[in-house]
Amino acid sequence: MAKRAKPAAMRSAGSSKFPKVGAGELLTLLDFVRYAVSRFVEARLVFAHGTTDPVAEAAFLVCEALHLHPDQFEAFATARITAAEGRKILDLIARRVTTRKPTAYLVNKIYMRGLPFYVDERTIVPRSFIGELLEQHFGGDGDEEAGSLISDPGAVESVLDLCTGSGCLAILASRNFPNAEIDAVDISKDALEVAARNVRDYGLENRLTLYRGDLFKPLDDKRYDLIISNPPYVDAEGLAGLPRECRAEPKLAFDGGADGLDIVRRILDEAEAHLTPQGGLLCEIGRCRPQLEAAYPQLPLLWLDTEDSEGEVFWIAAADL
């Protein structure tokens, strides 16, 4: 009788320098998350693509490998993982460390406001604060201190998303404003292909129209009740210092010119002609607030904070432009 073969040790694909994991050494979801965290910290990875720390990144990676929603992690944290699943997880961990690509690209998914969206390297990994702000300030049921910039979401008939990328914000806007027709514009053909896939996934082909072009140019004289935008706003110095994770993303999605405001200036200068009288502009600009306020001291910009940001998104009403 032939000898029974010993179980092969689970090992990560990729670099031979990557630690080997023996069979049975990692058993549960928590075990694999702990192992991933150790490897991520050891490799000094950067987390800025939907997760903000190694624990959240590891949990996201493990859940996606197992086809679990992130909200299900706690329910299955102590559940055992099969050998095949373990190999898949270890391979993803190794690829995250050795390639430095964002996990969202490795699993082709990202979550915004709890909703899944397809992403790949044709578009930036979405991580805008605007989705949270749409819920906080545009529903009429936010907290009293935050207030509501549009008291009746049902009255919004048209929304424009500039620099839409993968289309996530446009899709979130369609949910916040149930009676609105949504237009979304991007200059990148590749990004719009990703956006089209997400629009189809959410069955919004009849409500959400994608346009390829340079900001307002493909829209003629159309006007909107709300314009949202998360445009490129990284300045030249920031662009030169981007971490490897961000360098895996399209440069076009970051490049805001010397001071980061090349695209933002154009949006501010042209938005009034595309807003209804009661409309407004919601725009994310990262850490460019000092430059923007210096460039437009006359504008009454309202700065909106989120759980993880302060002074990175502004609102301005059409009447004030």
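The largest cavity has a volume of about 40 Å³. This is a predicted model, where local features need pLDDT of at least 70, side-chain atom pairs count only at pLDDT 80 or more, and totals for chains, interfaces and linings use all residues. Residues are numbered from 1 along each chain as its sequence is written, and side-chain values use heavy atoms, without hydrogens or water.

**The cavity**

A search of the whole structure finds one cavity of 30 Å³ or more. A cavity is a set of points, on a 1 Å grid over the protein atoms alone, where a 1.4 Å probe fits but cannot get out; lining residues have an atom within 4 Å of a point. Points are joined across faces, edges and corners, and the volume is the space filled by probe spheres set on them.

The lining includes V46, F47, H49, F60 and R96. Two elements give two or more residues to it: α2 (54-65) and α5 (103-107). Helices here are DSSP runs (H or I, at least four residues), numbered from the N terminus. By class, the lining has six nonpolar, three polar and two charged residues. Ala, Val, Leu, Ile, Met, Phe, Trp, Tyr, Cys and Pro count as nonpolar, Asp, Glu, Lys and Arg as charged, and the others, Gly among them, as polar.

**The helix pairs**

Axes are lines fitted to C-alpha atoms over the stretch in contact, and angles run from 0 to 180 degrees between N-to-C directions.

| Pair | Axes | Angle |
|---|---|---|
| α1 (29-43) and α2 | within 8 Å | roughly 130° |
| α2 and α4 (83-99) | within 9 Å | roughly 135° |
| α6 (130-137) and α7 (168-176) | 10 Å apart | about 15° |

Angles under 35 degrees count as roughly parallel, over 145 as roughly antiparallel, 65 to 115 as roughly perpendicular and the rest as oblique. So α1 and α2 are oblique to each other. α2 and α4 are therefore oblique too. α6 and α7 are therefore roughly parallel.

Contact means heavy atoms within 4.5 Å. Where α1 meets α2, the residues include F32, V33 and F40 in α1, and V55, E57 and L61 in α2. That contact has 13 nonpolar, no polar and one charged residues.

On α4, α2 meets K88, I89, L92, I93 and R96 through E57, L61, V62 and A65. The classes here are six nonpolar, no polar and three charged.

I130, G131, L134 and E135 in α6 meet L169, L172, A173 and N176 in α7. This contact has five nonpolar, two polar and one charged residues.

Conventions. 1 Å grid on protein atoms, 1.4 Å probe; cavity = no way out; pocket = protein on both sides within 12 Å on 5 of 7 lines; lining within 4 Å.
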